[in-house]
Amino acid sequence: MQTSFTPAQLSDPHVAESEKILRRCVHCGFCTATCPTYVTLGNELDSPRGRIYLIKDMLENDRPADREVVTHIDRCLSCLACTTTCPSGVDYMHLIDHARVHIEQTYRRPLADRLIRSLLAAVLPYPARFRAALALARVARPLAPLLRRAAPLAPLAAMLDLAPRHAAKRPERAVPPDSALTRGRVILLEGCAQPTLDPGINAATVRLLTRFGVAIATPKGEGCCGALVHHMGREQQALAFARRNIDVWMREIDAGGIDAILITASGCGTTIKDYGHMLRLDPLYAEKAAKISALAQDITEYLATLHLEALPKRDLVVAYHSACSLQHGQKITALPKLLLKTAGFTVRDPAEGHLCCGSAGTYNILQPDISATLRRRKVKNIEATKPDVIAAGNIGCLTQIASATAIPIVHTVELLDWAYGGPKPLKLNS
Amino acid sequence: MSQPIAFLPPRADVLSQRERIIADLGRLLPDGGLVHEARELVPFETDAYVAYRQLPLAVALPRTTQEVSAVLDYCNRNGVPVVPRGAGTSLCGGAIPQPDAVVLGLSRMSAILEVDLENRVARVQAGVTNLSISETVGPEGFFYAPDPSSQLACTIGGNIGMNSGGAHCLKYGVTTNNLLGVTMVLMDGTIITLGGSHLDSAGYDLLGLVCGSEGQLGVVTEATVRILAKAEGARPVLFGFATSHEAGACVADVIGAGIIPVAIEFMDKQAIEICEAFAKAGYPLHVGALLIIEVEGSEAEMEAMLAAIVAIARRHGVMTVRESQSATEAALIWKGRKSAFGATGRIADYICMDGTVPLGKLSHVLQRTEEICTGLGLRVANVFHAGDGNMHPLILFDANDPAEAAKAEAAGNEILKVCVEAGGCLTGEHGVGIEKRDLMRFQFSQADLDQQMAVRYAFDAGWLLNPSKVFPLEGRPAA
C-alpha cells in the first residue's frame, strides 16, 4: 500500500517501523473475515484493515488521536487472528501497539474511562492488591446490576461479574531437592493475576516438571510481565516491568544452567517473547531482552521436549480451547492437543476455534458488550462438542469461559499433571 | 503513459446538501448504521484496487432489505449516487466510492437464512461470505462451487455483482451458473425478486442480467444459491515444467483431449516462490512453471483421469509429478494458491490483471506479458486459472514511486489489449469496475455498449448506481 511520510517523520524509529508494516498491506481484506469484532459488528472500521487505515491516516498526518480513532482501536482485542490470516505478513501486532502508545500519549480519555484504566493498571499486576480487590468484589457483587445501568460504569459491573465467587485455595508445593532433578533447569514465571485467580495451575506445573526431573529456579523479585499495561498503551510502565524481570532472570541465567523460561499464561508468554522487540531501542537492555525472549517458552513447548510417554486412553472428552495468544500470538496450535492426546484424553476442536472468547486481557472489563457476545458464541461452540472438561492455556480465557458455562474448565497442564500421576484437578470433583 | 482514470465530476448540488443528507440518512439507519465522521470515512476510500482512492459522502450500513430500500428511495429522490459494497475485496475498484456518493455496505447483512439440503439450495443474505456457505453445509457433505481466491472474505453480493469465478469453476461454472434467485432493491426502493429456488424460472431470465451487472441495476440483498454434493474424493496434483511455454501447451492439450478436471491452476517461477514462502505447501522450487491439477471422484475415477493427464504432461516434458498425500497437504496446496495475491504483498505492491484468452494462445500471451513488463523495467508474476484461460498477471511495482506506478498501469492496459487481440476478453471474473472501464472500447463497438447502457438505463434512469464504473465516460446517454 502506498504511504506518505516525510523524512522527518521517518526519523522517529517507531514511525519508521510502522511505515514498513503499512507498506506490506495490500488491502486484500482477508483479515476482515477472521476478525472477531468485524464478524460481530460488520463495520470495516472495526476490522484489522479498517484499523490499519485509521492508524495510517493518523500517523501520516501527525495527528493526535481523537474519539473516532480511539473508539475503533479500543475495540481491537489484539487477538491477532488477522496475523494468522494475513498472506502478506503484515505485522499488525506491532502496528496496533504503536497506535495504543500514540493514543495514550496524545488523547485525553473521558473521566470514568481514565479512572477505570488507572485502577486496572494499579491493581491487576500486583498480586496483593489484586487479592484484596477480589475480596472486595465478593462483597460488592450485589451492586453489579446497578452499575450496569450507568454506561460509563459498566466496566465495573463486568469486573464484579468476572471475579471468582470463592477465594482460591493455595495448594501445597512440595518441591524435591535440586539434586534429584537433573533433566533440566528452568525458570517458571510466577505471574501476577494467574496465581491470584488460580494458584493450582503453577502448582500442577511444578509437580509435573519435578516428577520428570526438571529443576525449577525461583528467582526473587520477579513481577508482572507487563502485558496488561502494554495493551493499554502504558509503555513506560510496561517497559519497567520488563526490565525488572529481565534483571531478575539475567542474574539467575548468569549464575548458570537455565534451559528455558516457562510461562503457563500464554498472554504473558506472547509479551515476554516480544521483550526483545519492546526494548530494541534501549542500548542497555536490547541484548538482554532478546536473550530472554529467545529463552521464553510456553509450558507446552517445553513439555514436548520431554517426550512424555503415551498413556492408555481414558474415558474423558476434552474440548481444547486454543487461546489467541497461543494460536495467533505464538503460533502454537497442535502441540497442546498432541500432549493431551498422548496423555490419553479424547480431544475435540470446537468450531470457529480461531475466534477470540472475548477475554483479551482487560478487554472483558473495558468492552463488556462485545466481550459478552463473543463469550456466548465461544461457549456455544465449545458446548456443541459435548465435552466432559474444557482445557485452555491462558488464565484470561479460563476465567472468561468459566463465567458462562457449567462445564469445568482447567489449564492444559492440570490435566497433564493428573494423567502423569498428580491429583485430579479440584474443579473436576464438583 | 496512460492518463489516470477519471471519475465523474461530483454533483455540486449533492455536496452542498451534505449535512442535510447525512441527517436524513441517519434517521433511516438508527443503531449506528451511518458512518459520516471525516476520519471514519477514510478506510472506505478504496477496496483491493488501492491504486485509486476517493472519499465517499457517507457510508450506510443497513441491517435489512427494508433499510436498503429506504436508503435507495431517499438517494433516488435526492439525486445522490450510491456505490454498493460487500467486503471491499474488488480487484478492479468496483467498490471505490466518489465524493458525492453514499457507500451502501452490506456487511451487517451476513446471515444464512435457510439451508434446504433436500432441494440443494441455500438462501443467504448478500453480506454472507462465499466460504461461510460451504462451511455451513460442509459437515453435511455439500458445498457452494464458485470459489474466488478471496472466498474467505468476499461476499455473495459482491460475487453476484462481478459474476465471480474461481479455481473450481472449470468444472462447476461461475456464479451465474450457481445462482438461482435474488431479492433485489431497485434504485427507487422497489423490492423485487428474480428467479426462485429452481434451475429455470418463467419469464425473462433477468437473473442472468443482474449477475455481473456490477451494482448498476440494483442492490441484491438476498440470494438463493445451488449447493452441490461433494465428490467422493478429491486430490490436487502438482505438475512441474521447465518453462511456462510447456505448461501452457500441456493445459491446451488436456482440455483439447476432452478431459475436464475440477481445476487447472498455473503458477510461474515468481508466483511459486511467493506462495511457497507463505503457505509452505511443498511446491517444487526448481521448476519454471507449475500446474496444480485437481481430480475428483471415486478412487478409480481419479486414477483414470490422472493417468490420462500424466500421459499428456509427459509429452510436454513434465519434470515432476507429485500427488498430495493427505488432506492437510491438499489444504496447504490450495491455501498457497488462494493466498497468492495477498502473499505477493510480501515482496512488492502489485496490480492484478484478469484477461481471458483461448487456451491455444496461453503461451503467446504469457510471452507478450513478460515482454511488456520487462520492456518497462517491471517484474511480473503469473498465477491463474489456466483451465479456462483466465490469466492473472500480477504486475509488481513500488506504490511509493509514482513513475513506476504509472508504468504498471500502462503495462496492465497493454496486456489486456493483447488478451483482446488474441481473441479473449478484458475480464474473466473480477469485473470491469473502474480499472478496465476505458478499455471497454477495445472489446466492444459503440453499438454493443449502447445496448448494454440501454439496459442499465431501464433500471436506473438517473444513472445513480455505481455511476463511474463499467462504461467509458464519453459516449454515455444523457441522464
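Student: How far apart do the C-alpha centres of domain 1 and domain 2 of chain B lie?
Tutor: They lie 23 Å apart. The domain bounds come from an automatic or database domain assignment.

Student: What are we looking at, and how is it numbered?
Tutor: This is a predicted model: local features need pLDDT of at least 70, side-chain atom pairs count only at pLDDT 80 or more, and totals for chains, interfaces and linings use all residues. Residues are numbered from 1 along each chain as its sequence is written, while chains are lettered from A and ligands numbered from 1 in the order in which they are written.

Student: Back to chain B. Which domains does the assignment give?
Tutor: Domain 1 is 12-105 and domain 2 is 112-229. Domain 3 is 234-338 and domain 4 is 348-421.

Student: How many residues do domain 1 and domain 2 of chain B put into the contact?
Tutor: Domain 1 of chain B puts in 14 residues, and domain 2 of chain B puts in 21. Two residues are in contact if their C-beta atoms, placed from the backbone, lie within 7 Å.

Student: On the domain 1 side, which element gives the most?
Tutor: Helix 4 (residues 65-77) of chain B, with 7 residues. Helices (H or I, at least four residues) and strands (E, at least two) are DSSP runs, numbered from the N terminus.

Student: And how do the residues of that side divide?
Tutor: Into 6 nonpolar, 7 polar and 1 charged. Ala, Val, Leu, Ile, Met, Phe, Trp, Tyr, Cys and Pro count as nonpolar, Asp, Glu, Lys and Arg as charged, and the others, Gly among them, as polar.

Student: Now the chain B sheet. What order do its strands have?
Tutor: The order is 1-2-4-3, in an open sheet of 4 strands with mixed pairing. Strands pair if DSSP finds at least two bridges between them. Strand 1 (34-35) and strand 3 (82-85) of chain B are the edge strands, each pairing on one side only.

Student: How many bridges join strand 3 to strand 4 of chain B?
Tutor: There are 4, and strand 3 runs parallel to strand 4 (residues 102-105) of chain B. Across that pair, B:P84 stands opposite B:L104.

Student: What packs on the sheet?
Tutor: Helix 4 of chain B. It touches strand 2 (58-60), strand 3 and strand 4 of chain B, and its direction makes about 165° with that of strand 4. Axes are lines fitted to C-alpha atoms, for helices over the stretch in contact, and angles run from 0 to 180 degrees between N-to-C directions.

Student: Switch to chain A. What is the strand order of its sheet?
Tutor: It goes 2-1-3-4, open, with 4 strands and parallel pairing. At the edges are strand 2 (214-217) and strand 4 (296-298) of chain A. Neighbouring strands are turned by 40° against each other on average, direction ignored.

Student: Which helix packs on that one?
Tutor: Helix 14 (residues 200-211) of chain A, touching strand 1 (184-188) and strand 2 of chain A. Its direction is at about 140° to that of strand 2 of chain A.

Student: Where are the domains of chain A?
Tutor: Domain 1 covers 7-106, domain 2 covers 111-162, domain 3 covers 178-303 and domain 4 covers 308-428. The centres of domain 3 and domain 4 of chain A, over C-alpha atoms, are separated by 22 Å.

Student: How many residues of those two are in contact?
Tutor: 27 residues of domain 3 of chain A and 29 residues of domain 4 of chain A. Helix 14 of chain A gives the most to the domain 3 side, with 7 residues. By class that side has 11 nonpolar, 10 polar and 6 charged residues.

Student: At what angle do helix 2 and helix 8 of chain A pack?
Tutor: About 140°, for helix 2 (residues 13-24) and helix 8 (residues 92-106) of chain A, with axes 9 Å apart. Helix 2 and helix 8 of chain A are therefore oblique to each other. Angles under 35 degrees count as roughly parallel, over 145 as roughly antiparallel, 65 to 115 as roughly perpendicular and the rest as oblique.

Student: Which residues make the contact?
Tutor: A:H14, A:E17, A:S18 and A:I21 from helix 2 of chain A, with A:H94, A:L95 and A:H98 from helix 8 of chain A.

Student: Last one. How many residues of chain A and chain B are in contact?
Tutor: 27 residues of chain A and 32 residues of chain B. On the chain B side, helix 13 (340-344) and helix 3 (38-41) of chain B each give two or more residues. Helix 13 of chain B has the largest share, 3 residues. That side divides into 14 nonpolar, 12 polar and 6 charged residues.
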